[in-house]
Amino acid sequence: MAQAVRGQEGIAVNSQSSLTLGVNMMNQSTKGIHTCPICRYDGNDIYSDTGESGDSVAFDCPRCGKYNITGTANTMVQYEKWQKSLPFLSSWTRERNEYYGEVPTVDSYRIKLESNLHRQISEEDSIVRVLKYINHKTKSPGKTVLIVDHYDFPIVNGGDEDAFRYYMKYLVRVGYVTYCDDGELGDAWAYCVRLEIDGRDKLREFKSSAVVKCARTPWDSVNQALDAAHTNLHLGESTSYFQNCAHSCRESLVKLAGEIYDESKHGAFQPDKSSYSNALTKIELVVGELLVGGKKKEERSMAKAAISLANKFAHAEVVGRTQALNCYSSVKAVVEIVNNSFGRKP
C-alpha cells in the first residue's frame, strides 16, 4: 500500500500502548479522528464516529470505504503481528462497498481470516480485479472512468499504489484499457481510462474459465450443495465467494457420506469429533467396498487421491480463486467416482 503498507512495516507497538490506543478510539464520541486504522490514510476527508452501541467505531475512508470496526479488532490492528492483514482488510472493506453496497464490520475473526491471503493471490487475479473495477465504474460502453491511484489501489487485493500502476500499464500495453487523459491530482496520480472491447472479452473469458458443473447424482442434497459451490465460483468477485464455495464443497461431502454409507455393508469405525472428518472416513470405506480388487487398483488410488485433495481444499478457512477451483474439481471427482460406481454391477 505505497505510504500505507510501507508505514505499517515499520510499526512496532508495545502491548500497553496498543491497548490504550484501542480503548481511546472506542471512547471517541465525536467526529474527527483523521487516521484510518486499516490503511493509515490521514486526512481531513476521513470521517469516524462511535457506533450506536458504543462497542465499535464507524469509519468512512476514501480508500477503504465505509466500515465498522470492533474494539477488539481496533486493538489488534496496532500489533505488528497483524500488520500483514491490513492491505487485505482494506481490499475487503472497499470491495464490499463498491460491489455490494454493504457497510462491513471488521472484527477479530475477519483480521485472522485476511492475514493469510497474501499466499493466495495470483497475478492473473490481480489483473482481472483491476479490469472488473474499471468495468464496474463504466456507465456505458465507450465512456471514460477516473482512476486515482492514491485512493483506488485497494482494488488490487493486498497491493499498493506501485502495484496498481504496474497492472494499469500492463492493461494499456495489451490493449485492454486505453489512457484518454492523465495528470497529477495533488499527491495522487489520476487518469481517465476507457475499457476496450478486448478488456471486456478478457473478463468474459475469465468468468467462463471455471470448471463445468458436476454431473447430476441421484442424491438431491448433494446436488444442491454442489450447485451452491459452482454458483459461488462463477459469481466469484471476492474472497467471500471463494470461501463459500469451499464451505459448500465440504457440505456436499458430508451429504454424500450420509446418502451412501451403510455400517452393515461398509463397516463400523471410531467416530471423530468432526462431522466432516466422519464423512471422509465413511466415503473412504464406501470407496474401498465399491472399488475392491486388483483390477480396480488404479481407480481406487485415484479416488483416494481425490478425497485427499478435497480434504486439503475444502477444510481450508481461507481460499483464493485458484484454491476454490481446485476444491470444486477435487470434490467433483470424488462425487462422480462414487456416483459412477455406486449401485452398479462391476
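**Starting from one residue**

Tutor: Asp 125 has its place in helix H6. Keep in mind that this is a predicted model.

Student: Is Asp 125 buried or exposed?

Tutor: Buried. Its relative accessibility is 10%, and the cut-off for buried is under 20%.

Student: How far is Asp 125 from Gly 320 in space, and how far in sequence?

Tutor: In space, 9.0 Å from C-alpha to C-alpha. In sequence, the two are 195 residues apart.

Student: Back to H6. How does it pack with helix H8?

Tutor: H6 covers residues 123–137 and H8 covers residues 161–173. Their axes are 10 Å apart, at an angle of about 75°.

Student: Which residues make the contact?

Tutor: From H6, they are Glu 123, Ser 126, Ile 127, Val 130, Leu 131 and Ile 134. From H8, they are Tyr 166, Tyr 167, Met 168, Tyr 170 and Leu 171.

Student: New topic: rings. How many aromatic pairs are there?

Tutor: A search of the whole structure finds five. One of them is Tyr 41 with Tyr 151. Their ring centres are 5.9 Å apart and the planes make 70°, an edge-to-face pair.

Student: Where do those two tyrosines sit in the chain?

Tutor: In distant parts of it, 110 residues apart. Tyr 41 is in the loop between helix H2 (15–26) and strand S1 (47–50). Tyr 151 is in helix H7, residues 149–152.

Student: Are they buried or partly exposed?

Tutor: One of each. Tyr 41 has 8% relative accessibility, so it is buried. Tyr 151 has 24%, so it counts as partly exposed.

Student: And what about Tyr 166 and Tyr 167, how are their rings placed?

Tutor: The centres are 5.2 Å apart and the planes are at 70°. Over 60 degrees counts as edge-to-face, so this pair gets that label. Tyr 167 is buried, at 11% relative accessibility.

Student: Which ring does the charged end of Arg 110 sit over?

Tutor: The ring of Trp 92, 4.1 Å from its centre. Arg 110 is in helix H5, residues 108–114.

Student: Arg 110 has a charged end. Is the residue buried or exposed?

Tutor: Buried. Its relative accessible area is 10%.

Student: What does Arg 110 touch?

Tutor: Leaving out residues up to four places away in sequence, Arg 110 touches Leu 89, Trp 92, Thr 239, Ser 240 and Gln 243.

Student: Now strands. How many of the residues of S2 are buried?

Tutor: Five of its six, so strand S2 (residues 56–61) is mostly covered.

Student: How does S2 join S3?

Tutor: Through six bridges, with the strands running antiparallel. S3 is residues 65–70. Three residues lie between the strands, and together they form a hairpin.

Student: Which residue is the bridge partner of Val 57?

Tutor: Ile 69, in S3.

Student: Last bit, the whole chain. How many helices and strands?

Tutor: There are 15 helices and seven strands. The chain has 346 residues, and 48% of them count as buried.

Student: What share of the contacts join residues at least 24 apart?

Tutor: It is 66%, among contacts between residues at least 6 apart in sequence.

Technical notes:
Residues numbered from 1 in each chain as written. Predicted model: local features only at pLDDT ≥ 70, side-chain atom pairs only at ≥ 80, totals over all residues. Heavy atoms only, no water. Phe/Tyr/Trp six-rings, centres within 6.5 Å; stacked < 30°, edge-to-face > 60°. Helix = DSSP H or I, 4+ residues; strand = E, 2+ residues; numbered from the N terminus. Buried < 20%, exposed > 50% of the residue type's maximum accessible area, 1.4 Å probe, protein only. Lys NZ or Arg CZ within 6 Å of the ring centre and 35° of its normal. Pairing = 2+ DSSP bridges. Axes fitted to C-alpha atoms, helices over the stretch in contact; angles between N-to-C directions. Contact = heavy atoms within 4.5 Å.
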